[in-house]
There are 2 protein chains.
Amino acid sequence: MQGKFEGTNIAREDKIIQDWINPLFTDMYQIKMTYAEWKAKRHDEESTFELFFRKLPFKGNYAVFGGLDECFKFLENFEFKDEHIEYLKLEIPQAEPEFWVYLKNLNCKNIVLSGMKDGEFVFPDEPLLSIKGPFSLLQLIESPLLNLTNFPTLLSTNATRFVLWAGASRCVEFGLRRAQGPNGAIVASKYSYMGGFIGTSNVYASFLTGCPCLGTVAHSFIMSYEKEDDCKDSRMLDGKDLLVEATKYRTELGWTSTNMGELYAFVSFATGYPKAFSALVDSYSTMNSGIKNYLLVALALKDLGYESTGIRLDSGDLSQLSKDCRKIMTETGNKYGHDFSKHVIVASNDINENSLKALKENGHEIDVFGIGTNLVTCQAQPALGMVYKVVEFQGTPRMKFSEEVEKITIPGSKSVVRIFDEAMKPQFDLLC
Amino acid sequence: MQGKFEGTNIAREDKIIQDWINPLFTDMYQIKMTYAEWKAKRHDEESTFELFFRKLPFKGNYAVFGGLDECFKFLENFEFKDEHIEYLKLEIPQAEPEFWVYLKNLNCKNIVLSGMKDGEFVFPDEPLLSIKGPFSLLQLIESPLLNLTNFPTLLSTNATRFVLWAGASRCVEFGLRRAQGPNGAIVASKYSYMGGFIGTSNVYASFLTGCPCLGTVAHSFIMSYEKEDDCKDSRMLDGKDLLVEATKYRTELGWTSTNMGELYAFVSFATGYPKAFSALVDSYSTMNSGIKNYLLVALALKDLGYESTGIRLDSGDLSQLSKDCRKIMTETGNKYGHDFSKHVIVASNDINENSLKALKENGHEIDVFGIGTNLVTCQAQPALGMVYKVVEFQGTPRMKFSEEVEKITIPGSKSVVRIFDEAMKPQFDLLC
C-alpha cells in the first residue's frame, strides 16, 4: 500500500474536518442516552467498544481498512462548542445545568485506541478498532467513527480490486462529478491513492492530500473550435505556424477528411502545452478524425523538438479502438523515423470491474484507466455494514443477543494476531 | 415538497460549503483548458451550458431536482485564494503571470443561471440548469456543479420513492453511519426532508438545516444494565420507585421471565425522559421480554401521570412483530383502562423499497420507518449520470457527436415549458 498523506495542506484538511465532524455529528440517540447515563451516574464506567464488519464487501475475500486518519483528527479535536450546547438545550430542555458542564468538558484525550492501520488487509468479525474509555463518551463517538471508516474502507477495498484487474500503476481516479457529495469525492481520491491508484483528476484533493493530479482536455474545449479564425491567436509556436505544419502532414498523408474544427482545437491546445500535448480523440470520430488529427499535431510538434504525450478515448469499443490507435500511432511514427509507439493511451467511460475483465480477455493497448462513477460510489456495493459494539462494561464481557443469529456479538475484548508462514506470507488472522 | 432550509445556522453551513467547495474543487482538465483558452484569447467568449441527465434513476418515471441551494452558495463565493494560485503555479509552471491575475479576478457575479428549483419534478434531456456566461468560467464550474447536483437529485428522488411506499409522514432518515462521508450524511438528511421525510437522526444536519431531529436509545445502553444495582441512582421518579412499581405489574401480569437487565435499563431511561419514554425492544427477545418490559414501565409511568411514546423494532419479522406488539400494547392498556393503542411503533433494520413493498403486502402496524443505508447511499442506483454540455458558443448552437448515439447532445439553448391540463394537473414538459 502506498500513500502516507504527507501532503502540504494537512492543517487545512484538519480544519475542514473539524468543521464538519464535531461532536454534534452524531445520532440524536447517542446524546439522549448520554443524558440518561449521566443522570444514572453510569457515564464514566470503564468500557470497551469494538468496530468491525460481519461480511466482506463485493463478495470478495478481503477488505482494506481506511479512515483511521480522519478518526484521529476527529478524536483529537473532539469538543462541544457553546453553540452546540445551546442547540442541545432546545432538544433536552429538562436537563440539569451540570449536564451541560459535563458535556462542555468532554474530550477524547484519555481514551485508548488500538487496532488496524490505514491500508491493512482486514477480515470479518475481527476488531478493526478497539477503544477503551468512559462508557458515554465511547457511545457518543460511535456514529462519527462509523461514518469515518465505513466509506474509506469500502473505497480502499474497491480501489484495490480495480488495480488487480487493470494492473499496477494504471488507474487514475476520475470520479469528482459523480461522487456522493464533495467529501465523498475527496475521500475517493485519497483512499484510491492508498489502494494503488496513481493519481486523481480532483485538484482540491491533490491540494489537500498531496496525491498527484492529472488531466488534460474535455469535449467542450474541442467542440468550441469550428473555423480557422478560432485559433488565430494560438497557432504560433517557437516562430512556426503549427497549423500550417500540421496541415502539410494532413495533405501528405491523405488524411483530408479529418474534422478541421478538431484540428484547430488540437493546434490551439498544443501551443499551450507543447511539452505535454495530449488529445481527447473521440469528439467526432476516433479513427477517422481524432487519432489522425492527434498525429498531425504530434508530427508538427516533433519537428520543433517536442514529444507528445498521448491520447484519451472516452467512448466506443475501448479494446478495438486502443489496438487500432496503437497501430496507427506506431506506423505513422515509423513512417517519419519517430517512435510514437510509447505514446500513452488513456481510456475512460464508465469503467467497472466487469469492463476491465472483458478488456483483459479481449486484449487492449490501454496504458491508463480513468475510473470514475464505479469506483467513487462503489456501485457494486455502495455501503459496508461496519458496526461498533460494546464488548466490555465495568470489566465484564457483554454480548448482544438478537432474533437474527448473525447480529449476535462475540463478548469480551479481543486482539488479532496475524499468522505468517516461514516465507513471511500471511496465512490467517487469529482472534484471541 | 416541504422543506425550505430555513434553519438557524445557514451562515455556518455557508462557511463549511465554502471551505470544501472552492474553485480548486474541480477536475484538473478544467484548469488546463482554461489556460489554453486564455492563451488563445477565447476564454471570455459568450456561451451557454446546460446541465441535464439522460436516463431516469431507479428505473422510475420521474426525478426530483436537488442541490440548487449548494450551487448558489458555491457560485456566490467563487474566488481563487492566493494559496490556490500558488498551488496551481506548480501544476502549470509555464503559464504567464497575467494568467494568474485573470484567475484571481474571476467571479460568478455576471453569469446568468436559469432552470429548475430544488424539489421540482424533472425528466431526461431537459435542461435542469442553463447557464450563460464567459466560456472558460462556465467550464471551470462544470465539475463542482455536477458534484453538487448529482447526489442531491438522486437522493431527493430516492426519498420520494420511500415515502410513496411507506405513506406520508412516516419516514425518518437514519443513515449517518453508512453514508458516503460526512457531507453525504448531511445532504441525505437535508434532501430526504425535502422529499417528504419527517426528520433525521443526524444532530448536526438538524443544527445546520433546521430539519427535525429524532432518536431515543440503542442496544449499547440496554446491554450495559445487568443487575439491580445498575439503576440505583436512576429508579426514583417524583418520589416513587419506578422499578418497584414496574415489578409489581410484572408479578401481577405473570411476565416473570422478562430480562431484568433490560427492565433496569428501561426504568433508568424512563427516569431521564418520563414525558417521552420510548424503548428499543429487541435486545433480548421482542415478544418474550422487550415489549413486556416496555409495557411494565409504561404502566408505572401512567400511574404517575406520564404517557409513554412507543417502541422501536430493529430486527426480526417486522410485519408480524409490529402486529403482535400492537396487540399486546392495546390489550395491556385496556386491562388497566388506558389507551396504549396509539403508542408509536418505529421500525428500522436495513429497510429498502422491496421490504417496504413486502410490508405493505403482508400488512403491518408500523407508524414510522427509520431508513438508513438504502436511502443515504441510494443502494438501488448509487449514481445519477448528470452531465453538463456546451450548447451555444459565440451565439452559435453546438452539439457533441459520439460513436455512442445516446451521447449525442441536442444543440442550442433550450427552455422547458410544463404543460398543465384544465384541472391544473401537469401533463408533460415541452422542450423549446
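Begin by selecting the buried residues of helix α14 in chain B of this predicted model: they are B:Leu318, B:Ser319, B:Leu321, B:Ser322, B:Cys325, B:Arg326, B:Ile328, B:Met329, B:Thr332 and B:Gly333.

Now display the whole of α14(B), residues 318–335, whose 18 residues reach 25 Å from the first C-alpha to the last, close to the 26 Å expected at 1.5 Å a residue. At the N-terminal end, select B:Asp317, which caps the helix with a side-chain oxygen 3.1 Å from the backbone nitrogen of B:Ser319; after the helix comes B:Gly337, with a positive phi near 75°.

Return to B:Ile328 within α14(B), which counts as buried because its relative accessible area is 15%, under the 20% cut-off. Leaving aside residues up to four places away in sequence, B:Ile328 touches B:Trp255, B:Met287, B:Ile291, B:Lys292 and B:Leu295.

Next, move to chain A, where 5 strands form an open sheet with antiparallel pairing, in the order β3-β5-β1-β14-β15; its edge strands, β3 (112–115) and β15 (396–397) of chain A, each pair on one side only. Inside this sheet, select β1 (residues 46–52) and β5 (residues 129–134) of chain A, which run antiparallel and are joined by 6 bridges, and find A:Thr48 opposite A:Lys132 in β5(A). Finally, show helix α7 (residues 142–166) of chain A, which lies across β1, β5 and β14 (387–393) of chain A and runs at about 135° to β14(A).

Technical notes:
Residues are numbered from 1 along each chain as its sequence is written. Chains are lettered from A and ligands numbered from 1 in the order in which they are written. This is a predicted model: local features need pLDDT of at least 70, side-chain atom pairs count only at pLDDT 80 or more; totals for chains, interfaces and linings use all residues. Side-chain values use heavy atoms; hydrogens and water are left out. Helices (H or I, at least four residues) and strands (E, at least two) are DSSP runs, numbered from the N terminus. The expected span of a helix is 1.5 Å times one less than its number of residues. Buried means under 20% relative accessible area, exposed over 50%, partly exposed in between (1.4 Å probe, protein chains only). A polar contact is a pair of N or O atoms within 3.5 Å; within protein, one must be able to donate a hydrogen and the other to accept it, and residues adjacent in sequence count only if both atoms are side-chain atoms. Contact means heavy atoms within 4.5 Å. Two strands pair if DSSP finds at least two bridges between them. Axes are lines fitted to C-alpha atoms, for helices over the stretch in contact, and angles run from 0 to 180 degrees between N-to-C directions.
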